[in-house]
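Have a look at the model first, and then we can walk through it topic by topic.

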Amino acid sequence: MLLIIALCLVLAAPLRALEEEPVSELRISYEGSKLLKVTAPSDEKKEALRTLEDTEGVEVWMTIAANSSTMDVLVKPESADKVKEFLDENGLQFDVVIDDLQAAIDAENPSPSPEEMEELEGRKGHRMTWHSYHRLADIHGFLDYLAQTYPQLVSVETIGNSIEGRPLKVVKISGQPGSPAIWLDGGIHAREWISPASVTYIISELVENRDAHGEAVKNIDWYILPVVNPDGYEYSHRSDRLWRKNRRASGAGRCAGTDLNRNFDYKWGGAGASKEPCKEIYAGSGPFSEPETYVLSNFIQSKAGTVKGYVSFHSYGQYILHPWGYARAYPSDHADLSNVGRKIANAMYQAGGASYTVGGAAATLYPASGGSDDWARGTAGIKYTYTIELRDRGFFGFILPAQYIIPTGREALAAVKTLAVAVSEL
Ligand SMILES: [Zn+2]
């Protein structure tokens, strides 16, 4: 009997995976692709390096930030000679940070066996861990488990559906009657797996380890959407590990999808956003053209006046960014945002040991219009609005091994605890 059960489990796993995958969908291999960190010590060299951005077979993971002199670029094997020649000609030094990206992808996420998953679910009531990156079904199963187990404290609401029809599940962790609210989201960009992993870590701690985190977190209504872009997230697991946008069928291959973090209705279509569907920063056909951003914004607007804090978790780079993103400009309460940002950075360092840089989004990183943070501040009027770029600083980049989930999750938790204190003092 046991043998039959074991056999069924072994057979069921690949069958389930097949069911989810459209027949035409292939898994994209990054065999032989390299991640380079290129240094451009002068403005002239930066200018030269930027011309790489539009080169075939090159994908920029992190462009030259305002405060840095390096650029992280992924180079496909067929372009390696050409890129090497270009870098040599321009006297640009570089390090090969990842020699074979596919090998890094294969090593990033050691998944538990079906037996271990089964055992876990039996023991804990859900399949979620913070030792590996999980599929959407496990994340949603965890939220539902919390709502069932802690009905006084936790509720789950599907606020709408993604463009492919997956539910957008917001978990509410209630404070005292009349508490102010904080909104957290993750997974706007599909490939930034550390974001939903860290946000679910926060959820777990705020619910199941509630007494360990001080009084301020208990006096907040938390609204948390751990996976804003569920279609892209699943696609990044199934097919293309480096997928960023949502899955709107606006074209084939790279031309599908809208960058949800350029689709918000605040300074939409300005600097750092593109009108071309094939670009990674395609802003969509209009502001809030995508269901994921539209639904999120409506939900926040429905809580207007009570939401005093907003954090959107992304990766990578270790930045705590506050408005504005559309231009190198600041709101009039810049000093407040900066002060709380520095407190957040200190708390994150204490909690996990990584250093985070604080500053205005455009001034610190680069201009980007139509971002969720600018909308949260500019339209929804949420005072303490931040985008946090989690680990690392470009050694694994998007392919951050699962062993870093817990230290990064601790940092993310420390950030929102600090924010809770700031909001409660308003
Ligand atoms: Zn991002």
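A residue is called buried when its relative accessible area is under 20%, exposed when that value is over 50%, and partly exposed in between. With 5% relative accessibility, R262 therefore falls in the buried class. Please keep in mind that this is a predicted model.

- H189 and E192 are both buried.

- The domain assignment divides the protein chain into domain 1 (34-107) and domain 2 (128-424).
- Between the C-alpha centres of domain 1 and domain 2 there is a distance of 28 Å.
- Contacts between them involve 18 residues of domain 1 and 21 residues of domain 2.
- Domain 1 and domain 2 bury about 1500 Å² between them, and carbon and sulfur atoms account for 62% of that area.
- On the domain 1 side, W61, M62 and A66 supply 36% of the area buried against domain 2, more than any other three residues.
- Two salt bridges are counted between domain 1 and domain 2.

**Salt bridges**

- How many salt bridges does a search of the whole structure find? The search gives 25.
- R254 and E280 pair through their side chains, with N to O at 2.7 Å.
- R254 is partly exposed at a relative accessible area of 26%, and E280 is partly exposed at 23%.
- R254 also meets E59 in a salt bridge, here at 4.0 Å from N to O.
- E411 and R391 form a salt bridge whose closest N and O atoms are 2.5 Å apart. This pair links distant parts of the chain, with E411 in helix α13 (residues 405-424) and R391 in the loop between β12 (384-390) and α13, 20 residues apart. Both E411 and R391 are buried.
- Through shared partners, salt bridges join E59, K76, D240, R254 and E280 into one network.
- R262 and D259 form a salt bridge too, their closest N and O atoms being 3.8 Å apart.

**A covered helix**

- Helix α8 spans residues 230-238 and is mostly covered, with nine of its nine residues buried.
- Among the buried residues of α8 are P230, Y233, Y235, H237 and R238.

**K34 in strand β1**

- K34 belongs to strand β1 (residues 34-39), and its relative accessible area of 27% makes K34 partly exposed.
- K34 and D99 are 65 residues apart along the chain, yet their C-alpha atoms are separated by 4.9 Å.
- Leaving aside residues up to four places away in sequence, K34 touches V73, L74, V75, V96, I98 and D99.

Methods:
Residues numbered from 1 in each chain as written. Predicted model: local features only at pLDDT ≥ 70, side-chain atom pairs only at ≥ 80, totals over all residues. Heavy atoms only, no water. Buried < 20%, exposed > 50% of the residue type's maximum accessible area, 1.4 Å probe, protein only. Helix = DSSP H or I, 4+ residues; strand = E, 2+ residues; numbered from the N terminus. Domains from an automatic or database assignment. Contact = heavy atoms within 4.5 Å. Buried area = accessible area lost by both parts, 1.4 Å probe.
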